[in-house]
Every structure is written in C-alpha cells, then in structure tokens.
Amino acid sequence: MDPAAPGDSSLLDDSTQLRRPLCPRFPSLSSSFRLKTTLWSELSGAVGDLGTYIPIVLALSLVNGLDLGTTLIFTALYNAITGLLFGIPMPVQPMKSIAAVAISPSSHLSIPQIMAAGLCTASTLLILGATGLMSLFYRLLPLPVVRGVQLSQGLSFAFSAVSYIRYSQDLPSGKTSGPRPLLGPDGLLLALSALLFILLSSGTENERRRLVPSALIVFLVGFILCFIRDASVLRHLKFGPAPLRVITITREDWKVGFFRGAIPQIPLSILNSVIAVCKLSGDLFPDQEVSAAAVSVSVGLMNWVGCWFGAMPVCHGAGGLAGQYRFGGRSGLSVMFLAAGKMVLGLVFGNSFVMILKQFPVGLLGVLLVFSGVELAMASRDMGSKKDSFIMLVCAAVSMKLNAAAGFVCGLVIVLVLWIGEVDWVAQLRGRRGRTVDDKSRPGATEEEIVGV
C-alpha cells in the first residue's frame, strides 16, 4: 500500500483496511522473529517503552496494591504473542486514563474496580474489532485528525519527560517535590549525561553509531543504581510469584469501574491504542501495516484473559511503538526479548520486585520517555498544506488542554466546516435545477424522470 502523500487532506488512504479480514494472514514464526538489524539494536529497542510502563505500574502497585508479579507474567505473554502475530515491536502499555483515575486521591479505585474498567474497555474494543466497525472507522477518519492525536500524545510524553528530568518525583501521588539535585544516583547530572549519551550514540544517521544499544545501557545503569541507592532492598526480596487468584467483581465494582474508569478510557484506547498505532505502523513499517480490526481484537482478548486474575489493564500504545522503534526495535524479536525479561522477573521475584523499581532513577526514565515522545510527535511532519496543519494543530491543542476525545471531535468539526465552506452551493443548486429542466424538456422523458424519482 502506498503511503499517503504529504498534505493530503482527503480521507485516510488506507482503503484496504475495510476489506481486510478479521483474522488476516499473520507473519510466519521465522519472519516475525527474523533479525532485521543487529541483536544489540533489538535488545535496545526492547526497553524503549519502559519510560511509560514503569512509572504507571509502580504507582498502581504502591497506591492500589496491584500485584506486580502477576502483571509482569501476563504482559510478558502478551508481548510474546503480539510480537509473533504482528511481526513488529508491538508495545503492551498500561491503560493510562484508568491508571490516572485509579491512583488519584479524589477518585481512588480498588483492584476489582480497576479490573472492571479494563474489562468494559476491552469488551468495547473487542466488539468494534470483531464487527468490522473499527476498520470502517479507521478508513473514514481524516488524516490530519489522526496526526493531531499523535502530536498531542507525543508532546504530552515529552512534557512529562522534561518534568521527570528536572524535578524530583513522587510517582504514587504524581506530584513533584522540588528541583532535582545536581549530583547523586538520581541527580540532574546523571539524567543529562544519559541524554547526551543517547544523542551521541543514536541521534545521528551514522549506522555505526546506531549499533550502540543506548537505551539498554541506560536501563542497565539505572538497574544497578537501584541497589546503590538502597542496598537493603535485597533483604526484602522474596522468591516466587504470588498464587494466581480470580478477582471477584461485584455489581457496584462494575458500575464504578465503567463510569469512572472505562468511559474516559474508551475514546483514548480507540484513538491512541488502535487508530494511531495502525497509522504509525504504516509510517514506520510500510510493508507491515497492521489491521485496525486485529489490533482492536488483540486489546480486547488480552484484557479478557488477564484482568480476571488481577493483571493491569493494557493496550497497544503509539508512544510505546515509537519508543521501541526509536531505540532499534524492528521486528517481533524485540518484544520477545522484553517478554523474556518480564517473565523471569515475574517468576523469580514476583510482587517483591516493586521494592527494586521504587529505587529506579526517575530521571533516567524521563530520558527514555523524551525520545519516545519526540519520535511519536515527528510522525505528524507529513502535513504539508496550511489547511491540514491547521486542523492537526487545533486538534492537538484541544487534546492536550482537555482530552483526546474532545480534540478528536473538534478536529472532525473543523474538517466538516472547512468542507462546507469549500463547496460552491450556488453552483450545485444551479446544476441540479438545470438537470431537472433538461429532463422535463427531453422528448420521451418518463414521469419518474421528470419528477426526479
């Protein structure tokens, strides 16, 4: 499929999306996990989305009592399966809107309510994908609106990353606690050094420099610093995961989870977890663009399996895909490496691994996140016309100030208004009137033709 021409304000050129079957022909095992760059590059790409994954998982574990071991094991399975099925570094990310509501002091959610919210969101996406409505929606959505959603999400990540780097963070509360100290194992100097290292090692077009697994090195440095910051974490580690248990969800949990968690999450999942992911996959992997129906069904099935056992509600995020691609991920092998790491940590340390993550330098997470956000935002650079750029920027601005759903609706309204303004309605009416007169005066015209039936 040919990529969209820059500045094309017509409907998305992905017309084949509607005709794709619900179960498209997935890549073979050999092609999904074929090494497309270098082993180090795929390993580096594997940790490219941890800048968003770790803070949210850590906050849910500390504030809401989420079992980290269970989440690591299930997300490892999701990573392995989606890497095999899609053949690209398909990310598995937390449902951010549900997480934000859950950890907020004013709207705290219990574990059953979080799982109910995830199941309600998953059911919606599963139905939309299975019925083909998601593919229809993807096909009809104007490209500038998609780019606006991507731009807002990318800039939001970048702004959060700058805050992580500049200020000390209390991740459970989501608040800053003053400027970050210059020195120390989580100091500003460390974060800026990591930023400079990534720029020098992978920020150019020099392929030899891109062989350096910059994100992997930064992550490993952060992991080592966890024990330097607090060596006592070793005493708190317990081996083995917690036994799996089925979460009991009451009628009240379903009600609270749906209205407070699922309703704000559903528009974000449709736009960022399906529409934006599919479009970005076509930008980054032109010969492997994923199906909107398949991605939507994938999100639904993942959560219908894991949420019943207390695994964090997840989706596929465009920011995660951008981050993994930015740091070298080019195939399903990248997320397979990530799956292996999560599975080992989940099985060996279980929920006690949260004690280590609490000590991970947040500044380094911000460094990883800033590159993910910029990579996602750069996908909007193909808006070549003034009109398309205007639609995209207004959509992005409203999305960042309010939410993605409001920005999406605003973008569609602007597209409709501009289309109405471009149509010469007088000429249209004159042309219709002229055709009617011609039909009446044409010899042999039937009564139906004269009345316009």
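A residue counts as exposed when its relative accessible area is over 50%, and T248, at 62%, is therefore exposed. Keep that cut-off in mind as you look through this predicted model. The protein chain has 453 residues, of which 53% count as buried. It holds 23 helices and 4 strands. Among contacts in the chain with a separation of 6 or more, 82% join residues 24 or more positions apart.

**T248 and its surroundings**

- You will find T248 in the loop between α13 (233–236) and α14 (251–284).
- Leaving aside residues up to four places away in sequence, T248 touches P112 and D253.
- P112 lies 136 residues from T248 along the chain, yet their C-alpha atoms are separated by 6.6 Å.

**Aromatic rings**

- The structure contains 14 aromatic pairs. One of them joins F74 and Y78, with 6.4 Å from centre to centre and 45° between the planes, a tilted arrangement.
- How far apart are F74 and Y78 in helix α5 (residues 68–86)? They are 4 residues apart, so about one helical turn separates them.
- Is F74 buried or exposed? F74 is buried, with a relative accessible area of 9%, and Y78 is buried too, at 7%.
- Elsewhere, one aromatic cluster is formed by F219, F223, F227, F239, F349, F353 and F360.

**Charges over rings**

- K342 places its charged end over the ring of Y53, at 4.1 Å from the ring centre.
- R326 does likewise with the ring of F327, where its charged end sits 5.6 Å from the centre.

**Helix α10 against helix α19**

- Two packed helices are described by the angle between their axes and the distance between the axes.
- For helix α10 (residues 188–202) and helix α19 (residues 362–377), the axes come within 8 Å and cross at roughly 35°.
- This crossing of α10 and α19 is right-handed.
- On the α10 side, the contact is made by L190, A191, A194, L195, I198 and L199. The α19 side supplies G363, L364, V367, L368, V370 and F371.
- What kinds of residue make up the contact of α10 with α19? There are 11 nonpolar residues, 1 polar residue and no charged ones. Gly counts as polar, so G363 of α19 is the polar residue in that tally.

**Helix α3 and what covers it**

- Which residues of helix α3 (residues 39–46) are buried? They are S41, E42, S44, G45 and A46.
- The cover over these buried residues of α3 includes α12 (214–229), α16 (318–326) and α17 (332–348).

- L301 has its place in helix α15 (residues 292–306).
- With a relative accessible area of 47%, L301 is partly exposed.

Technical notes:
Residues numbered from 1 in each chain as written. Predicted model: local features only at pLDDT ≥ 70, side-chain atom pairs only at ≥ 80, totals over all residues. Heavy atoms only, no water. Phe/Tyr/Trp six-rings, centres within 6.5 Å; stacked < 30°, edge-to-face > 60°. Helix = DSSP H or I, 4+ residues; strand = E, 2+ residues; numbered from the N terminus. Buried < 20%, exposed > 50% of the residue type's maximum accessible area, 1.4 Å probe, protein only. Lys NZ or Arg CZ within 6 Å of the ring centre and 35° of its normal. Axes fitted to C-alpha atoms, helices over the stretch in contact; angles between N-to-C directions. Left-handed = near helix turned anticlockwise from the far one by under 90°. Contact = heavy atoms within 4.5 Å.
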